[in-house]
Amino acid sequence: MDWGMKNRLSQIIKPETGHTVMLAVDHGYFLGPTHKLENARKTIEPLLPWADALMLTRGILRTSVDPDVSIPIVLRVSGGTSIIGENLSQESITTSIEEAIRLNVSAVALSIFVGTEFEHQTLTNLAYLVDEAQSVGIPVLAVTAVGKELEKRDVRFLALSCRIAAELGASFVKTYYCEEFEKIAESCPVPLVIAGGPKLETELDALKMANDAIQKGAIGVDMGRNIWQSPHPVPMIKAVRAVVHDGVKPEDALEIFEKDKK
Ligand code: R5P
């Protein structure tokens with residue numbers, strides 16, 4: 001791997017632990033003003049000291065994150081659909097690699113929609129982006145999206161999607177946690193991070209999911225709603241860090257959360 005590519009990846013995946021806690025705040029690119037992310041700056045700022053990287057679009061980066069903040073950026077560069085539109089899977093590349101360089105990002109991220117009408121379009125988007133990004137040493141994060149069909153998040157579908165993403169050259173892949181997650185990890189030759197998905201009922205549920213994913217081969221999380229839709233986002237991200245970076249058991253991480261929120 002080229003020096004620049006390695007260097008950028010190690011800004012995101014911390015060499016001390018080999019793990020990462022990415023903070024996902026890109027939801028507005030198809031969901032609009034998502035609950036608790038209406039004022040993105042207000043949500044993002046208190047969490048910055050605890051996040052290893054920030055995943056977002058160029059619009060929120062420019063408007064809601066100060067350029068003197070030192071945090072690796074994973075720039076979402078796919079989109080072009082909305083939750084009220086006809087088909088969430090019809091994504092295109094929305095941001096050029098020149099723009100990614102201008103914004104000094106550490107990686108670019110794009111969704112693939114395997115098994116949908118726009119499978120071919122989103123997979124060739126990925127292949128094109130890998131070519132572009134590779135030529136300037138920027139890693140690509142492929143996101144195995146499921147659109148509105150949340151029930152698709154099973155091991156067969158996700159293993160297939162992750163493997164295809166890796167075959168097309170993604171440097172790392174973001175997917176969902178599911179039963180038998182280890183099978184996804186075993187058959188995907190690049191690092192995996194998990195999305196949190198919609199807010200789970202309790203903080204402990206989210207901490208358990210992060211722990212299970214790490215135990216079964218993920219190298220980290222790219223979590224959004226389960227952190228910033230918690231009534232106590234800073235204690236929550238600290239607890240997630242404890243699980244991901246320090247191997248703290250979910251029940252003990254919950255104690256960190258409970259103590260910190262006081
Ligand atoms: C998909 O890539 C979305 O835009 C989010 O980045 C992703 O779902 C992670 O956020 P959450 O943990 O809220 O699911």
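1. Serine 111 belongs to strand β6 (residues 107-112); helices (H or I, at least four residues) and strands (E, at least two) are DSSP runs numbered from the N terminus. The model is predicted: local features need pLDDT of at least 70 and side-chain atom pairs count only at pLDDT 80 or more, while totals for chains, interfaces and linings use all residues. Residue numbers start from 1 along each chain as its sequence is written.

2. Serine 111 is buried, with 26 other C-beta atoms within 10 Å. The class "buried" requires 20 or more other C-beta atoms within 10 Å of the residue's own, "exposed" 12 or fewer, and "partly exposed" the range in between, with C-beta atoms placed from the backbone. Leaving aside residues up to four places away in sequence, serine 111 touches Ser78, Glu91, Thr122, Val143 and Ala145; contact denotes C-beta atoms, placed from the backbone, within 7 Å. Threonine 144 is 33 residues from serine 111 in sequence, with a C-alpha to C-alpha separation of 6.0 Å.

3. A barrel is closed by 8 strands, ordered β1-β2-β3-β6-β7-β8-β9-β10, with parallel pairing. On average, neighbouring strands of this sheet are turned by 25° against each other, direction ignored. Axes are lines fitted to C-alpha atoms, for helices over the stretch in contact, and angles run from 0 to 180 degrees between N-to-C directions.

4. Strands β1 (residues 20-24) and β2 (residues 53-56) run parallel and are joined by 3 bridges; pairing requires that DSSP find at least two bridges between two strands. Leucine 23 is placed opposite leucine 54 of β2.

5. The ligand has 13 residues around it, of which Ala24, Ala195, Gly196, Gly224 and Arg225 come nearest; a residue is near a molecule or strand if its C-beta atom, placed from the backbone, lies within 6 Å of it. Two or more residues of this shell come from each of β10 (220-223) and α10 (225-228).

6. Helix α11 (residues 233-246) has 14 residues and, at 1.5 Å a residue, should span 20 Å; the 19 Å between its end C-alpha atoms agrees with this. The expected span is 1.5 Å times one less than the number of residues.

7. Because 11 of its 14 residues are buried, α11 is largely enclosed by the rest of the structure. The buried residues include Pro233, Met236, Lys238 and Arg241. The buried residues of α11 pack against β1, α9 (203-215), β10, α10 and α12 (250-261).

Key: Contact = placed C-beta atoms within 7 Å.
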